[in-house]
Amino acid sequence: MAENKKPNKLPGLRPRGYLWVYGIIFIFLLYLSFFNNSSSPQKSTWDEVRTEFLDRNYVDRIVVVNDKLAEVYLKQEIVKDLKTEDKYKSLPQDGPQLKFIIGSLETFERRFDEYMISNPYSDRVVLSFDQRSSFWDSPLISAILPIGFIILIWVLIMRGMSKGSGGGAGGVFSVGKAKAQMFDKDTKGKITFKDVAGLEDAKIEVMEIVDFLKSPKKYIDLGGKIPKGALLVGPPGTGKTLLAKAVAGEANVPFFSISGSDFVEMFVGVGASRVRDLFRQAKEKAPCIVFIDEIDAIGRARSKNAGYTSNDERENTLNQLLTEMDGFGTNAGVIVLAATNRADILDKALMRAGRFDRQIHVDLPDLKEREEIFKVYLKKLKLDSALNTDFLAKQTPGFSGADIANVCNEAALIAARSNKKQIERQDFLDAIDRIIGGLERKSTIISKTEKRSIAYHEAGHAAVGWILEHSHPLIKVSIIPRGSALGAAWYLPEERKITTREQLLDELASFMGGRAAEELMVGTVSTGALNDLERATKYAYAMVSYYGMSDKVGNLSFYDSSGQGDFMGKPYSEKTAQLIDDEAKRIISESYDRAMNVLTGHKEGFVKLAELLLEREVIFTEDVEAIFGKRKIKEEETNNEVAEIIPDTDIAEENIAEA
């Protein structure tokens, strides 16, 4: 391995090296303004000078400076005697001893003449006049100083901006340089595919890029062209940036990393300049990888953004990026990777062949991949020997890699607050509950009537969801307040590639189970079903207007999958809109009746489940199974992977406005 040499510190110290120049200039100015005189006269007034000094014949002469200030020179033999008094101990020995503002020159001359005439026997005091100019009063200084001050402030501002943008020693002239971080083969902590848990499908897709960078000759000899760009698309926290670093580490080539927002600057033309500089550096280091994170910051579709104009800085940056990606040679060895979780808003020109030729979907990890991710993060924790990673993976469906890292960290914090020596299974369960449902609100005061209503509401969801064949299997039910929810039911939805009408109807009935349980047992309905009604309404309208699952509306879909908004307004008539509303209401009404029939037919078990929930506050799958027996589901569905935890929340009334 090559020796890691420390970077030269001279460029970093250069700005500090000029500080001594500023110090000398500052001291010189202080000397000119404050220390050019050995001492300063004591302030006084005309009345004090007249009564205390002129009447006693202490004054030798008075000099009026610039027609504004009078300087009083006392007799030398008198100064020594006066300095023994506390009042005059600060009198200077040489030069003027006193000074005062005369006000109007004519008035002062008249008063002085009147005094001398009225005191003919006093010593004659000479009154003279003097015109002086200081260093600061020089016309040259008055003209240069403001301009120099403005230049100094401008230089300091530009230097700070260039430092913030990675300008380095170039100062303001380096503001157009790219701020990309480069990782090469000598960089420590290099990431490879072994360091990336999960993402197996994405790894397979990017292996072609790695293979080309390792041995490009076999592709070139056959006349093949490697894709110039690949776009990593997926939800936040799924490891898109980590995968890009692993590609560079596996191929053992230089890796330039930059964020899309780093191209955007307040100065016109800076973004395009940085794009040109980035690709210039990449060509010099070819073969290499250029990774642009969050490319939607500059790659947003121009037609969709009303703020875009012909001179918009982001549009200029995007145009330069399009030119650079289609400008370098086909086999130059520079591959551009980009990551975004908003691929639908990217410009079409960016997605065409010859630029980002393919999209690599980095999806949420499945059960096996979550288990691998847990093993990576659990290595650094002190765990209970009985803890099973397979159990943790099953409890976190729909979690991304970042979510799993958060679960591990939160579990460690919970265990530390309880003064435990190791992290146990319950700590992880509490961490998952906190991340999904929010912090447990122990101070929330709930009356017995409200608590009973919440228990029956959540038990209704659990009972209907357990009995209906196609509804999602239950994990647990809780009536402990968390976040904005007073109660919640956690489900493990099956991973389905397609969803049938029967499955959707069973889910709708499960949503309405809480409202039906309240009306059946409490005799009234509450605001706690807000979340249920919202989700049920979305499902019903989707079935009618998107999936064509209504006989009256027919096999029509008004869903715009392209996101381009080709339709102006609603793509259907008012008559069809009324029909969609009627069908959605019918579906929800029938689902409510189904939920009521299920609860009525299994009332004894439903009540037993609600009372158990009131007693324990949290019940699990085994508790529901002990009351209702095993679920009637198809054998092939038991091994299906789950996609996400869906918490069914009973929202408090004070949070309705926010919801």
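At what angle do helix α18 (residues 448–467) and helix α24 (residues 621–628) pack? In this predicted model, in which local features need pLDDT of at least 70, side-chain atom pairs count only at pLDDT 80 or more, and totals for chains, interfaces and linings use all residues, the angle is about 65°, with the axes 11 Å apart. Residues are numbered from 1 along each chain as its sequence is written, and side-chain values use heavy atoms, with hydrogens and water left out.

Helices (H or I, at least four residues) and strands (E, at least two) are DSSP runs, numbered from the N terminus. The protein chain has 24 helices and 15 strands. Of its 659 residues, 41% count as buried, where buried means under 20% relative accessible area, exposed over 50%, and partly exposed in between (1.4 Å probe, protein chains only). A contact is defined by heavy atoms within 4.5 Å. Among the contacts in the protein chain with a separation of 6 or more, residues 24 or more positions apart account for 75%.

Confidence is expressed as pLDDT, the predictor's confidence in each residue, from 0 to 100. The protein chain averages a pLDDT of 77, and 77% of the residues score at least 70. The lowest confidence is found in helix α1 (residues 10–17), with a mean of 43, and the highest in helix α22 (residues 574–601), at 93. The pLDDT is below 50 over residues 1–17, a stretch that has six contacts in the model beyond near neighbours in sequence. Over residues 635–659 the pLDDT is likewise below 50, and this stretch has 83 contacts beyond near neighbours in sequence.

Helix packing angles rest on axes that are lines fitted to C-alpha atoms, for helices over the stretch in contact, and the angles run from 0 to 180 degrees between N-to-C directions. Angles under 35 degrees count as roughly parallel, over 145 as roughly antiparallel, 65 to 115 as roughly perpendicular and the rest as oblique. Helices α18 and α24 are therefore roughly perpendicular to each other. Their crossing is right-handed; a crossing is left-handed if the near helix is turned anticlockwise from the far one by less than a right angle, and right-handed if clockwise. On the α18 side, A463, W466 and I467 meet T621, V624, E625 and F628 of α24. The residues of this contact comprise five nonpolar, one polar and one charged. In this classification Ala, Val, Leu, Ile, Met, Phe, Trp, Tyr, Cys and Pro count as nonpolar, Asp, Glu, Lys and Arg as charged, and the others, Gly among them, as polar.

Helix α18 also holds Y456, which counts as buried at 3% relative accessibility. Y456 touches A517, M521, F606, V607, A610 and E611, when residues up to four places away in sequence are not counted.

Helix α19 (residues 501–511) packs with α22 at an angle of about 65°, the axes being 8 Å apart. The two helices are therefore roughly perpendicular to each other, and their crossing is right-handed. L505, D506, L508 and A509 of α19 make this contact with I587, S591, R594 and A595 of α22. By class, five nonpolar, one polar and two charged residues take part.

With helix α21 (residues 530–545), α19 packs at an angle of about 160°, and the axes are 9 Å apart. That angle makes α19 roughly antiparallel to α21. The crossing of α19 and α21 is left-handed. Here R501, L504, L505, E507, L508 and F511 of α19 meet D532, R535, A536, Y539, A540 and M543 of α21. This contact has eight nonpolar, no polar and four charged residues.

Two strand residues were also examined. K43 lies in strand β1 (residues 42–43) and is exposed, with a relative accessible area of 69%. K43 and L98 are separated by 55 residues in sequence and by 5.8 Å in space, C-alpha to C-alpha. D357, located in strand β11 (residues 356–361), counts as partly exposed at 36% relative accessibility. Not counting residues up to four places away in sequence, D357 touches P227, K228 and G229. D357 and G229 are 128 residues apart in sequence and 5.9 Å apart in space, C-alpha to C-alpha.
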